[in-house]
Amino acid sequence: EQSALAAIYKQSNGSPPAAIVAHPNRVKAVFVILARNSDLNGIRKSIREIEDRFNRKFHYPYVFLNEEFFTDEFKEQTSSLTSSPTHYGKIDDDMWGYPSHINQTHAAECRKDLQDRKIIYGGSEPYRHMCRFQSGFFFRHPLLDAYEYYWRVEPDVNYYCDIDYDPFQMMKDKGLKYGWTLSLTEYMATIPTLWETTKSFMAQNRDLINHGEDSILPWITDDNFETYNGCHFWSNFEIGSLDFFRSERYLKYFNYLDAQGGFFYERWGDAPVHSLAVAMMLKKSEVHFFNDIGYKHNPLIHCPIEQWAHKKCSCEKKDNFDWTGWSCLTRYSELSKDFIWDEATHLNM
Ligand code: GDP
Ligand code: MN
C-alpha cells in the first residue's frame, strides 16, 4: 500500500498528485489546529515544518478552528503554505462557553484563588474554555465529521525529523487509537479533584474500564489507585482516532467530568482528561509511542536517539526529555518491554 502510493507520487512529477489525494484506500485524516488570529505567526512556523518533514508528500488537509471568525489575513497566510485543502471553522457557543449548571460567580472566585497562588493559566477564563473544548468537543465539530483520524498541531512547535511514512495509515492498519510523543506528570494544583471524580466514574462504570492484562492503568498510579501520579500524554501533539473520542464511553466520561465543574472551578487540562480516558478504556496495543517523531513544544523536546541520523533529525540528542525526572516514559516502558520498537519505526533504521 505504502509503496503503491510512493510510486504514484513519483509519477506525478512534482505536480499536485491528485492520484494520492483521490486514492480509494486513503485514510480519512486531517490536521486539526485550534488557534486565535493572533497565533498566526506561530501557526505558520508549525505548518512550515509539518509540510517540510511530512505533508508535502502526503497532502493531508487542515482544519482550523476558532471561537471567533478567522481573518482573511489568517486564511491567506496559512493556506499559502500548503498545497493541501484548508478549512476554517467557527466554534459556536454550544461548544465554547459556560454550560448552564456552572455558577459563574464561583468560577470567578476560583480563578482569582488560582491566580493569587500563581498557578499557570490559573486566572485565565479563555484557557478554561479552550481546555473544555479540547476535552469534549473538537472531535464533534462539523468540519471534522468527514474524518476518522486527526493530528493536533499547535503554534510554535517544531518537527525535527523526517516523517517518511504515513502515521495515519500505520495507525489504521494496526488498529491504533491514540499516539503520543511526550509524557510527563501534571501540576496537581490544577486538578485537585480530578482523580476522585475519575475513581467514582470507574466505580460506577466497571464495564467501560479495561482492567485486563493489556491495561494502561498501572501507568497512572504508583499506589494501587490511592492517588494519581499525574502521568499524562502531552496533548499538544496527538494523533488519534476521532471515533474513540466520539464513542459513547468517552462521552460518558467527559459528561461526568463536565457535570462536576472542574474545568471551571479548578483548571482541568485536556491532556490529563484525554490520558485518563485512554488509560481507562484502551488497550496497550491500541496506544502508540511515536518514538521516531522528533518534536518540541516549549519547553520539552522529544529527540529520537536511535533514528537520529536516519531520519535526518535537527534536534540535539542531549536535549531529549525522555528519561529525565518529570517524564513518564520510564513508567510507560514498565508496561511493556517491546513498546518502543515496533515495526513501523524499527524497520526504517
Ligand atoms: P499551552 O500549550 O498549554 O501553553 O497553551 P496554548 O496557548 O498553546 O493553547 C493551546 C492551544 O489552544 C493552541 O493551539 C492555541 O492556539 C489554542 N488556544 C488557546 N487559547 C485559545 C483561545 O482563547 N481561542 C482560540 N481560538 N484558541 C486558543
Ligand atoms: Mn501550546
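Analyst: In this predicted model, three strands form an open sheet in the order S5-S11-S12, and their pairing is antiparallel. The edges are strand S5 (158-159) and strand S12 (300-302), each of which pairs on one side only. Strands of a sheet pair through backbone hydrogen bonds, either parallel or antiparallel. Strand S11 covers residues 295-297 and pairs with S12 in the antiparallel sense over 3 bridges. Within this part of the sheet, Tyr295 stands opposite His302 in S12.

Now the ligand. Ligand 1 sits in the largest pocket. Its shell holds 14 residues, and the closest are Leu34, Asp39, Glu67, Tyr121 and Tyr127.

Next, the polar contacts. They count within 3.5 Å. An oxygen atom of ligand 1 lies 2.5 Å from an N or O atom in the side chain of Tyr127. Tyr127 is also listed among the closest residues. On the nitrogen side, a nitrogen atom of ligand 1 is 3.0 Å from a polar backbone atom of Ala35. A nitrogen atom of ligand 1 is also 3.2 Å from an N or O atom in the side chain of Arg36. As for cover, ligand 1 taken alone exposes 560 Å², and the protein buries 87% of that.

Methods. Residues are numbered from 1 along each chain as its sequence is written. Chains are lettered from A and ligands numbered from 1 in the order in which they are written. This is a predicted model: local features need pLDDT of at least 70, side-chain atom pairs count only at pLDDT 80 or more; totals for chains, interfaces and linings use all residues. Side-chain values use heavy atoms; hydrogens and water are left out. A residue is near a molecule or strand if one of its heavy atoms lies within 4 Å of it. A polar contact is a pair of N or O atoms within 3.5 Å; within protein, one must be able to donate a hydrogen and the other to accept it, and residues adjacent in sequence count only if both atoms are side-chain atoms. Accessible areas come from the Shrake-Rupley method with a 1.4 Å probe; for residues, only the protein chains shown count as cover. On a 1 Å grid over the protein atoms alone, a cavity is a set of points where a 1.4 Å probe fits but cannot get out, and a pocket is an open set with protein on both sides within 12 Å along at least five of seven lines; lining residues have an atom within 4 Å of a point. A molecule sits in a cavity or pocket if more than half of its atoms lie within 2 Å of its grid points. Two strands pair if DSSP finds at least two bridges between them. Helices (H or I, at least four residues) and strands (E, at least two) are DSSP runs, numbered from the N terminus.
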